[in-house]
Amino acid sequence: MQPSGRHYVVVRPLFSEDSFAEQHERINRTRKTLRCDTNRAKNAARSLLPIIGWIKNYNIKEWLLGDIVSGISTGLVAVLQGLAFSLLASLPPGYGLYTAFFPAIIYFFLGTSRHLSVGAFPILSLMVGAVVTRLVPDGGPPANITGFEGLSMEQQRVLVASSVTFVMGAFQLIMGMLQVGFIVMYLSETLVSGFTTAAAVHILVSQLRFVLGLDFPGVNGPLAIVYTLENVFSDITNTNVADLVTSIVIMALVLIVKEINDRFKSKLPVPIPIEVITVIACGVSYAFNFEKRFNVVVVGEMVDGYESPIAPNLEVIKESAVEAFPMAIVGFAVAFSVAKVYSVKHDYTIDGNQELLAFGVSNMFGASFRSFAASTALSRTAIQESTGGKTQVILTLFFELKPSIDLGFLLEPLPRSVLGALVIVNLKGMLMQFRELPFLWKNDRTDFVTWVVTFVASLFLGLDLGLAVGLGAELFTVVCRTQFPRCSLLANITGTDIYRDRKDYNSVSADLNFPSSRTVLFNQGASANFQVVLKKRNKALRKIRKMLRNGELEISDRGLEVRQPSTDTSEDNNSMEGLDQPIDFSGIPIQVNWNTELPANISVPPVNIHSLVLDFSAVSFLDISALKGLKATLKEFLRIEVDVYIVSCDVYIMEKLHQCSFFDDEIKTSIFYPTLHDAMLHILEKHPDHGELEKVFTVICKLSRL
């Protein structure tokens, strides 16, 4: 290739795939084998324990101070969010401290993200809470489960939460071992947006009873949000004014400070940790004795230090396994999405499969110490990154959270309405996702439908069923798009080797003839039309042979002419057999031109194209069903004397065609060409009567999918 200004000149032979393979031998690459050596062992260790990779490159002078500041800030926020999100899990607030601590220990060693803050996540907490209230309801007896005997309601709920967290972690661990980290690809951004928005509404409604100081049992299952709102409005006259005022003040203060953080983030050295400042409410509550003077519900007795490990309850696992699986998917999908943002920003890689392993082991380990489901929260991770954190800061978190657990009694006067207010304020980002709807409606109606279906199903059926319905809706749209592929009819841009959709350009060849352009190539109706043409041609040939044998036809310079009218109107026995086989001209001394008028009133549908070119450049895979359909359709074209050419076919699809015995006496490898222009030049050589490229009677179809 020789550059010439803004032009390029390429001089090369006209290639088919066969001739290209003859001149350019392809290298047969050897596949990797399973063998163990020192390098592979080291790589496996680094993969399983990513800490080995970054700890040896840790820059103490530049990173240590930032990690300490980041650890203190993030740790304090994790403590308060753990307390708040415990309410969503229908657990005593103190157990949120365990969720903020134990899973982070394991993730420190196994995780590949350096900025992810592992701990309680509101949506997972709500999903855990749904299982907890189902098995240990507020206003009724618990489920009949072995192991509940002799336990208080609080202990039963902790056992349920830890058991469902354990099985959730087990699902994540199994998926990581099976290397299915790609599963998040099936959770599109639109689906996740609709799901998390519905979850935010669920969380908002569930916190109303704490913000208003109302006392009614929690509700779970389909239509839970409707029943909860019914309870709120029926009991709203009993609102505790002190709780309501405290919540409004806290929400207003937090929103104002968060707005300041957003507007002046470029000028502030670190974001103002407003969640930490709200512990002042704890001191105010203690000083004015809110619990007794205003009947305010406070956090109450906290856990005292660490408790001994517990084993998961097998019966609880059986009862909650179906709900634990979507928790595993949601927890991983959210964490991986957040981790990916910061890995791109700070130029390091994360491994989806290793993240599954890390979260699986983290949740199983944390569940053994009574923590509930852990993932991440964008706000905590943003604080960890913006305060200068460069790596996971487990030591700092230890020194921060260990005293928090030991000195948890200092938080006992904190009103639960404050925690509810903190939860609601942190929903702002998720609730603002409603703003995506106008954009989706204008630009992608399919994604709009997916968003709305996921949101409505998650809102009214519950988060677990809603996620399943949303995923089903998304897969349904994929199936629909697959079943109705886009098939473009291409034309040559005059004076170039470029081909574009003929409807989009005025400078395409004006005289191209597209008589078959009204049907999609693999449409059943089109296939039926090809079969009709083939059968009528074979039937016409039988009649011509018979008339020639009977002397009713003669051959002249003008072709076939009737010598005498046929008086035999009977048809051959078994006349319908073999009509769908390739056309056989044996016994007929001349080639029949099917596009001219035939003798003896023989009528055959005309076919006005001589070549069909299929552009496979956008075809990424070919399953067995599509392969069989393609083979049958190509044969139908070839049997009615339409040459078929396939261009720009991926080399691995070619390998699959060979493996599946696609080629035979009718379909040969010679129909494949490396480029569309190669095929068109070959057609010009084969049909010189048409002259210029602009005059070729050829249909060029670009397929997006088979």
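Modeller: Happy to! Arg-263 is exposed, with a relative accessible area of 63% (exposed means over 50%, buried under 20%, and partly exposed in between, using a 1.4 Å probe and protein chains only). Please bear in mind that this is a predicted model, in which local features need pLDDT of at least 70 and side-chain atom pairs count only at pLDDT 80 or more, while totals for chains, interfaces and linings use all residues. Residues are numbered from 1 along each chain as its sequence is written, and side-chain values use heavy atoms, without hydrogens or water.

The partner of Arg-263 is Glu-259, and their side chains form a salt bridge with an N to O distance of 3.1 Å (the rule asks for a side-chain nitrogen of Lys or Arg within 4 Å of a carboxyl oxygen of Asp or Glu). Glu-259 is partly exposed at 29% relative accessible area. Both Arg-263 and Glu-259 belong to helix H11, residues 241–263, and sit 4 residues apart, about one turn of the helix (helices are DSSP runs of H or I with at least four residues, strands are E runs of at least two, and both are numbered from the N terminus). How many salt bridges does the rule give? The count comes to 11.

Another pair is Asp-664 with Lys-631, whose closest N and O atoms are 3.6 Å apart. This pair links distant parts of the chain, 33 residues apart: Asp-664 is in the loop between helix H26 (651–659) and strand S11 (672–673), whereas Lys-631 is in helix H25, residues 624–639. Asp-664 is partly exposed, at 25% relative accessible area. Asp-664 and Lys-631 also belong to a network of salt bridges that links them with Lys-635, Arg-639 and Glu-666.

Then there is Lys-686 with Asp-643, where the closest N and O atoms are 2.8 Å apart. Lys-686 lies in helix H27 (residues 676–686) and Asp-643 in strand S10 (residues 643–647), so this pair ties together parts that are 43 residues apart in sequence.

Helix H7 (residues 153–177) and helix H15 (residues 314–345) have axes that come within 7 Å and cross at roughly 55° (axes are lines fitted to C-alpha atoms, for helices over the stretch in contact, and angles run from 0 to 180 degrees between N-to-C directions). On the H7 side, the residues in contact include Val-160, Val-164, Phe-171 and Met-175, and on the H15 side they include Ile-317, Ala-324, Phe-325 and Phe-332 (contact means heavy atoms within 4.5 Å). Helix H15 also holds Ser-343, which counts as buried at 5% relative accessibility. Leaving out residues up to four places away in sequence, Ser-343 touches Tyr-348 and Ile-350.

Finally, have a look at Val-192, which is found in helix H8, residues 189–206. Val-192 counts as partly exposed, at 27% relative accessibility.
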